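Please consider the model shown below.

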Amino acid sequence: MAPKTLLIVNPASGGGLGGRLAEALVARARAICGPLEVATTQTPGHATRLAREAAANGVERFLVAGGDGTTGEVVSGLVEGARTAGPRPALGLLPVGSGCDLARTLGLPRRIDAALEIVASGNTRALDVGRVELRDARGDLCVRYFANEVSAGLSGDTVRHVGPLSARVGPRLGFVAGALAAVASHAPFDATIEIDGERIHSGAVSLLALANGCFFGAGMRVAPEASVDDGLLEVVLARGLSRREIVTHLPAFYL
């Protein structure tokens, strides 16, 4: 019997691309992967709740039509909701978001039919998941999980600009424009960074990334040596940089 499958669609992904493709995408998913249920996200964080509840109810395969933000939310939900006994649910990526950097690291195709064929084949691989404790906007302590990367500094500032820009100029140019907008208002933050109990830095930071995958920012190769299944995170640190230094080095992230 085919596994119970849930397709989670984020209509806001890719500057609205997820919504424009939703009807055709659902039809192709059913044609290639068989029977499935569909859930559409309504607000930020909704994908986590959808995945958590579905995993707790025994759904065995999840398809995500969205980008890295949606995938990250689903990963959190799967870890929180999956039953302790038995294998974890399988996760298939249908890259329609602005970044899709986890899919890029995994070498998955951007063409939807090709991505669905990989899901339908049933071949899976292990994927490490990171855990981060943080305080949310209200100051409450919370836990999140991630499959690709978690970062602070310029990356977070960039993401805040990307959505509206991607809708006008496309995902990759949207990230470049978002990065430049972030640079224009950038101010380093102070942090103390310890790895396995050893302090490696105390002072100004422009960017800190803990990377399970190689890419972020729609193709920035921030951690070329990262591997998604080696049990390790690559730590990438850019100490306090001036705006001129950031602009000078920005192309190197893509190259």
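The model is predicted.

**Nonpolar cores**

- The largest nonpolar core comprises 16 residues. Leu 7, Leu 25, Leu 63, Ala 65, Leu 94 and Leu 116 have the most contacts inside this core.
- At least two residues of this core come from each of strand S1 (5–9), helix H1 (13–33), strand S3 (61–66) and helix H5 (112–121).
- Helix H1 makes the largest contribution to this core, with five residues.
- Another core, of 14 residues, lies apart from the largest one and includes Ala 209, Phe 215, Ala 226 and Val 236.
- As a general point, nonpolar side chains in soluble globular proteins tend to be buried together.

**Contacts of Leu 7**

- When neighbours within four places in sequence are left aside, Leu 7 is in contact with Leu 25, Val 26, Ala 29, Leu 36, Glu 37, Val 38, Ala 39, Leu 63, Ala 65 and Leu 94.
- Among these partners, Leu 25, Leu 63, Ala 65 and Leu 94 also belong to the residues with the most contacts inside the largest core.

**Helix H2**

- In helix H2 (residues 46–56), the buried residues are His 46, Ala 47, Thr 48, Leu 50, Ala 51, Ala 54 and Ala 55.
- These buried residues pack against S1, strand S2 (37–40), S3 and H3.
- In general, residues three or four places apart in an α-helix point the same way, because the helix has 3.6 residues a turn.
- Gly 58 follows H2 and has a positive phi, near 95 degrees.

**Second largest pocket**

- The volume of the second largest pocket is about 860 Å³.
- Its lining consists of 26 residues, and Pro 89, Ala 90, Leu 91, Thr 124 and Arg 125 lie nearest the centre of the pocket.
- Helix H3 (68–81), strand S4 (90–95) and H5 each provide at least two lining residues. Strand S4 gives the most, with four residues.
- By residue class, the lining contains 18 nonpolar, four polar and four charged residues.

**Arg 221**

- Arg 221 is located in the loop between strand S9 (198–211) and strand S10 (234–239).
- Not counting residues up to four places away in sequence, Arg 221 touches Cys 214, Phe 215 and Phe 253. Of these, Phe 215 is one of the residues of the 14-residue core.

Key. Residues numbered from 1 in each chain as written. Predicted model: local features only at pLDDT ≥ 70, side-chain atom pairs only at ≥ 80, totals over all residues. Heavy atoms only, no water. Core = buried A, V, L, I, M, F, W, Y, C linked by side-chain atoms within 4.5 Å. Buried < 20%, exposed > 50% of the residue type's maximum accessible area, 1.4 Å probe, protein only. Contact = heavy atoms within 4.5 Å. 1 Å grid on protein atoms, 1.4 Å probe; cavity = no way out; pocket = protein on both sides within 12 Å on 5 of 7 lines; lining within 4 Å. Points joined across faces, edges and corners; volume = space filled by probe spheres on them. Nonpolar A, V, L, I, M, F, W, Y, C, P; charged D, E, K, R; others polar.
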